[in-house]
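Here is a briefing on one protein model and its ligand. Please look over the sequence and the structure before reading on.

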Amino acid sequence: MEHLLELQNIVVRFALRFGDLTAVDDVSFTLDRGDRMGLVGESGAGKSVTGFSIIGLISRPGYIASGRILFEGTDLAHLNEEALRNIRGNRISMIFQDPMMTLNPVLTIGTQMTETLQAHMDITDEEAAAMAVDRLRMVHIPSPEKRLNQYPHEFSGGMRQRIVIAIALLMDPALIIADEPTTALDVTIQAEILDLLLELCATGKTGLILITHDLAVVSQVTDKITVMYAGRIVEMGSTDTIIHDPRHPYTQGLINALPGSRHTGSRLNQIPGMMPNLLTIPPGCSFHPRCPFMMDICTKQAPRLKYYKEHERQISCFLMENQNKGSI
Ligand code: SF4
């Protein structure tokens, strides 16, 4: 069966004066309609670059060096800009952390929504306004008819993010990519926005990729998790298995750092050290300088991502290989 989205061995590089740097290295995953996947990792893990690569938003000097991005059967990695623009905001929508990246401060919400609709559809002003009201209602904006005439600054941060989600929904997209959509919001509003995303995906028609550094957020919304470190996938499986039984030392570190983790004492256990930048990615397993289980081989060879049937997920770590239970 054709997947809604299938990334096949995607490599994203940045061409710099002294050579090319790899930001996303051999990333593959699939997403079906109704799937909600969390793309997780600290800043610099490559998760946002992966998300941007799907919708052709990698700006120069970045480029997709190899791999395929099959979306509804079309390879987005090799589409021209015009065709990509048509898919963006039509079949695939993106929600950013800062609503003001999407909203134009000098236009009313109604103008922004109807212009977006009329750029993609041959409809009258009245029809566009009716569709805009419908989407505002879907994201629970009170009195949506009146709100159409207001400007972004007249809304609170949480309401602005709801409007961004309403705009993302305008064309009934098959895929929504949300990049840290709740990071700038306080905890109560954060929960409301996450509930809203969950509600919107409940129809089973839309796939969601939720990009975040926050495993707590992912555990509330997604049904599968892809954990990235230094541009590579290190663990990928169902949210339930990964949250309750993380196997990769990096995932374990992320979960130990969560407030209220059963592994923590009174203080949060932050992972020691920092995510390497693209210039300083260590040889072998890129996590080895921070890994409490580092072995000799980890400094010399990079582990491969393999499927472990008994753990129902893919993991990239020599510890798993040493247990001799792996099968590709
Ligand atoms: Fe740690 Fe080695 Fe596994 Fe990397 S491969 S996570 S360094 S044990």
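Arg313 is buried, with a relative accessible area of 2%. The residue lies in strand 12. This is a predicted model.

- The side chains of Arg313 and Glu235 form a salt bridge, with N and O 2.7 Å apart.
- That pair links distant parts of the chain: Glu235 belongs to strand 10 (residues 232–238) and Arg313 to strand 12 (residues 313–315).
- In sequence, Arg313 and Glu235 are 78 residues apart; in space, their C-alpha atoms are 7.2 Å apart.
- Both partners, Glu235 and Arg313, are buried.
- Arg313 and Glu235 also belong to a network of salt bridges that takes in Asp245 and Arg247.
- Beyond its neighbours within four places in sequence, Arg313 is in contact with Glu235, Met236, Gly237, Thr241, Ile242, Asp245, Pro246, Arg247, Lys306, Tyr307 and Tyr308.

**Other salt bridges**

- The structure holds 17 salt bridges.
- One of the 17 salt bridges joins Lys224 and Asp35, with the closest N and O atoms 3.5 Å apart.
- Lys224 is in strand 9 (residues 224–229), while Asp35 is in the loop between strand 2 (19–31) and strand 3 (36–40), so this pair ties together parts that are 189 residues apart in sequence.
- Lys224 has a relative accessible area of 22%, which makes it partly exposed.
- Asp35 is buried, with a relative accessible area of 16%.
- Glu42 and Arg290 form another salt bridge, the closest N and O atoms being 3.0 Å apart.
- Glu42 sits in the loop between strand 3 and helix 1 (47–54), and Arg290 in the loop between helix 10 (249–256) and strand 11 (306–308), so the pair ties together parts that are 248 residues apart in sequence.
- Glu42 is partly exposed at 22% relative accessible area.
- Arg290 counts as buried, at 5% relative accessibility.

**The ligand**

- The ligand sits in the largest cavity.
- Around the ligand are His248, Pro249, Cys285, Phe287, His288, Cys291, Phe293, Cys298, Pro303, Cys317, Phe318 and Leu319.
- How do the shell residues divide into nonpolar, polar and charged? Ten are nonpolar, two are polar and none is charged.

**Val24, a buried residue in a strand**

- Val24 is located in strand 2.
- Its relative accessibility is 0%, so Val24 counts as buried.
- Val24 and Leu278 are 254 residues apart along the chain, yet their C-alpha atoms are separated by 9.8 Å.
- Apart from neighbours within four places in sequence, Val24 is in contact with Ile10, Val11, Val12, Gly46, Val49, Thr50 and Gly231.

**Pro181, a buried residue in a loop**

- Pro181 is placed in the loop between strand 7 (175–179) and helix 7 (187–201).
- Is Pro181 buried or exposed? At 3% relative accessibility, Pro181 counts as buried.
- Residues up to four places away in sequence aside, Pro181 touches Ile95, Phe96, Gln97, Gln161, Leu197, Leu210 and Ile211.
- His244 is 63 residues from Pro181 along the chain, and the C-alpha atoms of the two are separated by 24 Å.

**Backbone points to check**

- Arg60 and Pro61 are joined by a cis peptide bond, with omega about 15 degrees.
- Pro61 is in the loop between helix 1 and strand 4 (62–71).
- Ser143 is not a glycine, yet it has a positive phi of about 45 degrees.
- Ser143 is in the loop between helix 4 (125–138) and helix 5 (144–147).
- With a relative accessible area of 40%, Ser143 is partly exposed.
- Asp172, also not a glycine, has a positive phi of about 50 degrees.
- The loop between helix 6 (157–169) and strand 7 holds Asp172.

How values were computed:
Residues numbered from 1 in each chain as written. Predicted model: local features only at pLDDT ≥ 70, side-chain atom pairs only at ≥ 80, totals over all residues. Heavy atoms only, no water. Near = heavy atom within 4 Å. 1 Å grid on protein atoms, 1.4 Å probe; cavity = no way out; pocket = protein on both sides within 12 Å on 5 of 7 lines; lining within 4 Å. Sits in = over half its atoms within 2 Å of the grid points. Nonpolar A, V, L, I, M, F, W, Y, C, P; charged D, E, K, R; others polar. Salt bridge = Lys/Arg side-chain N within 4 Å of Asp/Glu carboxyl O. Helix = DSSP H or I, 4+ residues; strand = E, 2+ residues; numbered from the N terminus. Buried < 20%, exposed > 50% of the residue type's maximum accessible area, 1.4 Å probe, protein only. Contact = heavy atoms within 4.5 Å.
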